[in-house]
Amino acid sequence: MPASQPPEPTTARTHTLRVDGLGVTVGQQRRAAVHGVTFEIARGESVGLVGESGSGKTLTCRSVLGLLPAGCNVAAGSIVLGAGDSEVELTTVRRRGWDRIRGLRLAAVFQDPASYLNPSLTVGHQLAEQLRVKRDLSRREAHARSVELFVEVGLHRPEQVFHQYPHELSGGMLQRVLIAIAVALEPELLIADEATTALDVVIQAEILQLLSRLRRDHHLSLLLVTHDLAVVAETCDRILVMYGGEIVESGPTGEVLTDPKHPYTRALLSVASIGDWTRRTLDVIPGSPPEAGEQMSGCRFAPRCSAAREQCTAGPVDLTPLDAARSARCVRVDELALTSVGGVA
Ligand SMILES: Nc1ncnc2c1ncn2[C@@H]1O[C@H](COP(=O)(O)OP(=O)(O)OP(=O)(O)O)[C@@H](O)[C@H]1O
Ligand code: SF4
Ligand SMILES: [Mg+2]
């Protein structure tokens, strides 16, 4: 941009997603499973969402997608997709409104690609049909674009794959098909929830490289859910660490992984040493996380935190900015900054 032009306002323009105070309840008793989750994803940014099983990662993603399971509800907060004229508050979108958002502006890939494809239709038909209906392409154009997309996601012999049924393809190929379907309509945000977890290490690495390349080429924002810190280290600009339905730490991936501020993140990193992240999962800290609906006073990590003191359970603990890029939810964060990582876990 020429120096004489004023900088564009950065407020809404740069954001693809803004989640503010999201609360999700589950079951008939409306047990709180996600509490006050707040984060943003900038245009073209990749954000990793990590946390133990049951920490609320999938409920957070599904809230954004408007795909919460039956019995689960958004109980609080706001989820804004896009910026400026294209801004839309997703918590107010109802049934038909999602037709103009899902696939077109938001897309997702999950752990089990086969369950998201129709077993009785060829994978090519499923992709081409989406292009025909949502992009108004002719049959011939949709076929040609589908084959191009299959090439782009690294499927060999794309013409042959086009005519195959889901059961004829391997897990890695199915995930590539699903990714092709997800990016076909050029969405702003792609959510990948454990999309590579079921794949072997080599295919997992290839799929992650593919997601990174597509993000670059299509200016996609990416929300990547994983248990694997190595995956985040390789793929994500920023990391959000979830615990017990809350975000407990956020910041640039490199900074958080080399200099974690929250005792939970520190404990994770002390048990999964830096040289040994590959294939490590987060389910390694003694004790178990709180259940959905469990009432707790103060810090939800306190029962498992060796740095816990009386002040930690005296009242609500907020996610507090540490600097322009980082935040942590811990009342002792300043004191603990002086201790070594191993001294906390
Ligand atoms: N359909 C549901 N009905 C009732 N409770 C649910 C439902 N889905 C999730 N929960 C509860 O909400 C909490 C958060 O679940 P969520 O699936 O978001 O966790 P997660 O972080 O994605 O875990 P994982 O790493 O195992 O995928 C858990 O306590 C879970 O038991
Ligand atoms: S607030 Fe207290 S219990 Fe919670 S993480 Fe910080 S030191 Fe541990
Ligand atoms: Mg999950």
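Colleague: How many residues of the shell around ligand 1 are nonpolar, polar and charged?

Modeller: Six are nonpolar, eight polar and two charged. Nonpolar here means Ala, Val, Leu, Ile, Met, Phe, Trp, Tyr, Cys or Pro, charged means Asp, Glu, Lys or Arg, and the others, Gly among them, are polar. Residues are numbered from 1 along each chain as its sequence is written, and chains are lettered from A and ligands numbered from 1 in the order in which they are written.

Colleague: Which residues are closest to ligand 1, and what makes a residue count as near a molecule?

Modeller: A residue is near if its C-beta atom, placed from the backbone, lies within 6 Å of the molecule. For ligand 1, 16 residues surround it, and Val-26, Ser-53, Lys-57, Thr-58 and Leu-59 are the closest. Helix H1, residues 57–65, gives the most to this shell, with three residues; helices (H or I, at least four residues) and strands (E, at least two) are DSSP runs, numbered from the N terminus.

Colleague: And what is the shell around ligand 2 like, by class?

Modeller: That shell has 11 nonpolar residues, no polar ones and one charged. Its members include Cys-299, Cys-305, Cys-312, Cys-330 and Arg-332.

Colleague: Why is Leu-174 called buried?

Modeller: Buried means 20 or more other C-beta atoms within 10 Å of the residue's own, exposed means 12 or fewer, and partly exposed is in between, with C-beta atoms placed from the backbone. Leu-174 has 21 such neighbours, so it counts as buried. This residue lies in helix H5, residues 171–183.

Colleague: Which residues does Leu-174 touch, not counting those up to four places away in sequence?

Modeller: They are Pro-113, Ala-114, Leu-117, Pro-166 and Leu-169, where contact means C-beta atoms, placed from the backbone, within 7 Å. Ala-114 is 60 residues from Leu-174 in sequence, yet their C-alpha atoms are 6.7 Å apart.

Colleague: What makes E6 and E11 the edges of the sheet?

Modeller: The open sheet has eight strands in the order E6-E7-E8-E3-E9-E10-E12-E11, with mixed pairing. Strand E6 (106–109) and strand E11 (320–321) each have a single partner strand, so one side of each lacks a neighbour in the sheet. Helix H5 packs on this sheet, touching E6 and E7, and makes about 175° with the direction of E6; axes are lines fitted to C-alpha atoms, for helices over the stretch in contact, and angles run from 0 to 180 degrees between N-to-C directions.

Colleague: How do you know that E9 and E10 pair, and how many bridges join them?

Modeller: Pairing takes at least two DSSP bridges between two strands. E9 (238–243) and E10 have six and run antiparallel, so they pass that test. Leu-240 stands opposite Ser-250, and Ser-250 also has Ser-327 of E12 as a bridge partner. Two residues separate E9 and E10 in a hairpin, with Gly-244 in the turn at a positive phi of about 55°.

Colleague: Why is E10 largely enclosed?

Modeller: Six of its seven residues, 246–252, are buried, so the rest of the structure largely encloses this strand.

Colleague: Where does pLDDT fall below 50?

Modeller: The chain's mean pLDDT is 89 and 90% of its residues reach 70 or more, but residues 1–12 are below 50. Residues 274–281 also stay under 50. Where pLDDT is low, the predicted coordinates should not be read in detail.

Terms used
Predicted model: local features only at pLDDT ≥ 70, side-chain atom pairs only at ≥ 80, totals over all residues. Contact = placed C-beta atoms within 7 Å. pLDDT = per-residue confidence, 0-100.
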